[in-house]
Amino acid sequence: LVLPGGGVGVANLGGDPRVEVLVKQAAEQGKVLAAICAAPSLLSKWGLLAGKKAVCYPTWQDKLAGADYRPGDKLAVDGRTVTGQAAGASFEFGLKLIEVLRDAETADRVRKEIYL
């Protein structure tokens with residue numbers, strides 16, 4: 001389950017209680033949770049980043065209370081949770097999701113196919 005970033009998008013997602021229920025159910029089922037930009041703040045708000053390595057858009061770092069915030073990193077992976085810093089990390093974020101969901105070999109093949 002991937003939560004996209006952006007302030008307005010995050011406000012909309014966070015304002016819909018169905019999204020919180022869906023994300024918490026996914027977490028309980030051991031599914032991969034991913035969020036980029038401002039969206040990791042929602043995972044934190046819902047208690048899903050406590051003690052976990054995480055990144056987010058730098059000006060949102062204060063909204064990651066309880067997380068092990070990694071300033072300067074583009075990505076953080078902690079178990080089945082993947083967080084990305086911002087839109088500038090979107091390729092790395094997507095490739096890391098391929099690695100987590102499939103394997104490193106597939107992620108590397110895709111990386112080469114898109115010429116990164």
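Leaving aside its neighbours within four places in sequence, which residues is Leu64 in contact with? The close-ups below, taken from a predicted model, begin with that residue.

**View 1. The surroundings of Leu64.** Setting aside neighbours within four places in sequence, Leu64 touches Pro40, Ser41, Ser44, Leu49, Ala54, Val55, Cys56 and Tyr69. If you want to build a contact list for this residue, those are the names to pick out.

**View 2. The largest nonpolar core.** Here we step back to the core of 19 residues, where Leu3, Val23, Leu43, Trp46 and Leu64 have the most contacts inside it. Two or more residues each come from α2 (17-28), β2 and α3 (40-45). With three residues, α2 gives the largest share of this core. Another core lies apart from it and has seven residues, including Ala34, Cys37, Val82 and Phe93.

**View 3. The four-stranded sheet.** Follow the strands in the order β1-β2-β6-β5 and you have traced an open sheet with mixed pairing. β1 (2-3) and β5 (75-78) are the edge strands; each has a single partner strand, so one side of each is left without a neighbour in the sheet. As a reminder, strands of a sheet pair through backbone hydrogen bonds, either parallel or antiparallel.

**View 4. Strand β6 beside β2.** Residues 33-36 make up β2 and residues 81-84 make up β6, and the two strands pair in the parallel sense over four bridges. Look for Ile36, whose bridge partner in β6 is Gly84. Both faces of β6 are covered, with Thr81 and Thr83 buried on one side and Val82 and Gly84 buried on the other.

**View 5. The hairpin of β5 and β6.** On this pair of strands the sense is antiparallel, again with four bridges. Val77 stands opposite Val82 in β6. Two residues lie between the strands of the hairpin, and Gly79 takes a positive phi near 65°, a handy torsion to check in your own viewer.

**View 6. Helix α4 over the sheet.** Residues 90-101 form helix α4, which lies across β1, β2, β5 and β6. Relative to β6, the helix runs at about 170°.

Terms used: Residues numbered from 1 in each chain as written. Predicted model: local features only at pLDDT ≥ 70, side-chain atom pairs only at ≥ 80, totals over all residues. Heavy atoms only, no water. Pairing = 2+ DSSP bridges. Contact = heavy atoms within 4.5 Å. Axes fitted to C-alpha atoms, helices over the stretch in contact; angles between N-to-C directions. Buried < 20%, exposed > 50% of the residue type's maximum accessible area, 1.4 Å probe, protein only. Core = buried A, V, L, I, M, F, W, Y, C linked by side-chain atoms within 4.5 Å.
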